[in-house]
Structure formats: C-alpha cells, structure tokens
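Please keep the sequence and the model in view while going through the points.

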Amino acid sequence: MMRQTVLVLLILVLEAATIHAASSIVTMRSGERLIGEVLPGSDTTTLVLKSALLGELKLPRNEVISEEALSAAIAAKPQPAPAVAPSEPQIAAQDKNLVLTEEEVAHIEERRLIEQFQDLKTPDSWSGTLRVGMNFSDGDSKWSEAYAKGNLIIDPEGSRNYYRISGSYTYRETERGSTTVKSTDRYDGNLTYRRDFSERIFLQGTAAGRVDRIKGIERELQGLVGAGVRLKPIEDMEFIVGGGGGAEELDVDFQDTRSGVNPVANVFQEVTWKPSKKITLAQEFNYFINPEEGEQYNYILTAAFRYRLTDLFGLEFSYNENFDNDVGNGNIKDDIRWRNALVVYF
C-alpha cells in the first residue's frame, strides 16, 4: 500500500513539473507580464498564449518585449512565499512582478472580447442589406420623411431552398402652419420561401403584413402560395415571373363590407441586372386582386438604381408606388415616393 501511494505521488509531481516547465513568461510593451503555455499556432505576427485563468489569448508580436521559460525565471530569481495572501483584484504568480491588477485583467478581457467580435461573421449562405434614408419637401407642402428597410436572403449553395425576409418602417412629419404633425406611420413585413424543382421552375409561399395608417389600413395580413419561372435573358440579369393565390384579412377605418377575410389572387414579377460589380438595377411588381370583387385590387411597383461604394456601403435611388383601388367605401389611395438611401451590405 505504501509503495502504491509513493508511486501516485511521484506521478503527480512529474506531471506538475512538466506543466510548469512548459509555461512561459511573456512581457508586453505595456508592462503586463502574462504566464501561460505558448501554443503551436503562434507565428511571426501573433503569439498564441494559453493562460489557466484567462483562456487562450492572441498577442501581437510587435507588442511582446520578451518571452522566457517560467522554470528558468524562477531558478534565476527565487521568491519566498508571501506572508499575506493576495487580494481578489490581483492574480497571484510565482514572482511578485507577475501580479496583474484588476485594471490589467479587465484590459486583457476587453481585448479578448474585441477579438471574438471581430471573428464573428454571417454564414456564407446569408446576404442582405439595410437601407436608411431621409427625404425633404419644401414649398406649399413641407415635410420630412425618415425610413428604414431591411432585407435578408438565405440561399444555401447546392440547396433547392431559398428564403427572403424583408421589412420597412416609414415616419413622416408635416408642417401645418406653425405646428408639426405626424402624417405618416407605416410598416410592413414579408417572408418568402421558394423551393426549386428545376433550374427554372419553383414553388413559392409568402406570408405578408402591413399597416398603413395614412391610407386608413390598420391591418392587412396575407397568406399566398404559387409558382414561378426564373429566366436569364442575358448575362448578369435574372427575370422572375409567377402567380398564385390565397387569402387576406383586412381591417380598415372606413366602414363597409371590405373589412374581413377575402380571397386574393396574385401576380409577381422581378428583374435584377448587374451591368458591373458596383452597379445594380432592380425592379419589382406585385399585383393583388379579389377574384370575387374586381374593384378591390392593389399593386406595388418599385424600381431602384444602386451604386456600391465599398464592400460595406452603397447608395440607392428608387421610385416606389403603392396603389390601392379600394380601401373601404370605394376610396382610392395612391402613394408615390422618390427615395434616396444609404445602403449597408452584410
């Protein structure tokens, strides 16, 4: 029994000595001294240090003054055990010069979080844009309009599935005499799913909703299914056309029989052309009609010119028309807007 105990103790001592021998002291230009194992991933620009307390750290080589084996440092300068245990804000080391203050630990942790944030990126199958714009009108009608629109596309390579999520918000203030009032508050959202059956033919499902209080639409919800065809008439141009049907629930301010659940038929069309790496021309058209009541229809028409300044930023100039032939009691509402926006790509 005694021999087994001695053998176990000997193994533990050897393991501790091995770990201790593999540790190094890294002195930074800022005065910080870090203890840990230098990992094989280190190169001429980055030193990768594994600390028992702070985890894996990536240190710029140009900020490292010296690197020394811990065992050699202790042998050259032995240090007796301190009479008083170190306080919590400090990290105890074998040498009194290897004590990090709370501020130094916070600085290292902050640098580590920044590196982790910089390493974050969206999946390769994701792409999207965020548009932010501000329009102004002067003269007889003075108003300012701010809006934001987001668009996310998930299109995994080699997959037949395609997803598009989009939404927008518009806010307008209008001057009436000496007062400023809110005249526009509208927002919408759209989820589109496509399933390819061949290079050209796909099925499509759409769920959409909008609130447009300037038109008296408190709520409009749609659920549609359909099919479409994808064509490429010329290089770098994609043309999509299709149709479908479903149902919508409409709630309007005007009192008539329009409010409620109604059938809806839909025709959609999209064109995207990229004549160069920086320029994109895009156009979309969506037409909706109640097959049981032909006077109840609406359409959305957009056309845009986009110029990509950098990988991250670009500019967009667009024409947007939203026409409703009947939003209750036969009221016709047509809204046309010319917009400019800063585009953020991700």
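Predicted model: local features only at pLDDT ≥ 70, side-chain atom pairs only at ≥ 80, totals over all residues.

1. Strand β13 covers residues 260-273 and is joined to β12 by 14 bridges, the two strands running antiparallel.

2. Strand β12 (residues 237-252) also has β11 (residues 217-231) as an antiparallel partner, again with 14 bridges between them. Within this pairing, arginine 230 has isoleucine 240 of β12 as its bridge partner. The hairpin of β11 and β12 has 5 residues between the strands, and aspartate 236 adopts a positive phi near 65 degrees there.

3. Which residues make up the largest nonpolar core? It consists of 10 residues, namely Val26, Met28, Leu34, Leu47, Leu49, Leu54, Leu57, Leu59, Val64 and Ile108. At least two residues of this core come from each of β1 (23-28), β3 (46-51) and β4 (55-60).

4. Methionine 28 is one of the core residues. Apart from neighbours within four places in sequence, methionine 28 contacts Leu59, Glu63, Val64, Ile65 and Arg111.

5. The mean pLDDT of the protein chain is 82, with 80% of residues at 70 or more. The pLDDT is below 50 over residues 5-21, a stretch with 5 contacts in the model beyond near neighbours in sequence.

6. Residues 86-97 also call for caution: their pLDDT stays under 50, and the model gives them 20 contacts beyond four places in sequence.

Terms used
Residues numbered from 1 in each chain as written. Heavy atoms only, no water. Core = buried A, V, L, I, M, F, W, Y, C linked by side-chain atoms within 4.5 Å. Buried < 20%, exposed > 50% of the residue type's maximum accessible area, 1.4 Å probe, protein only. Helix = DSSP H or I, 4+ residues; strand = E, 2+ residues; numbered from the N terminus. Contact = heavy atoms within 4.5 Å. pLDDT = per-residue confidence, 0-100. Pairing = 2+ DSSP bridges.
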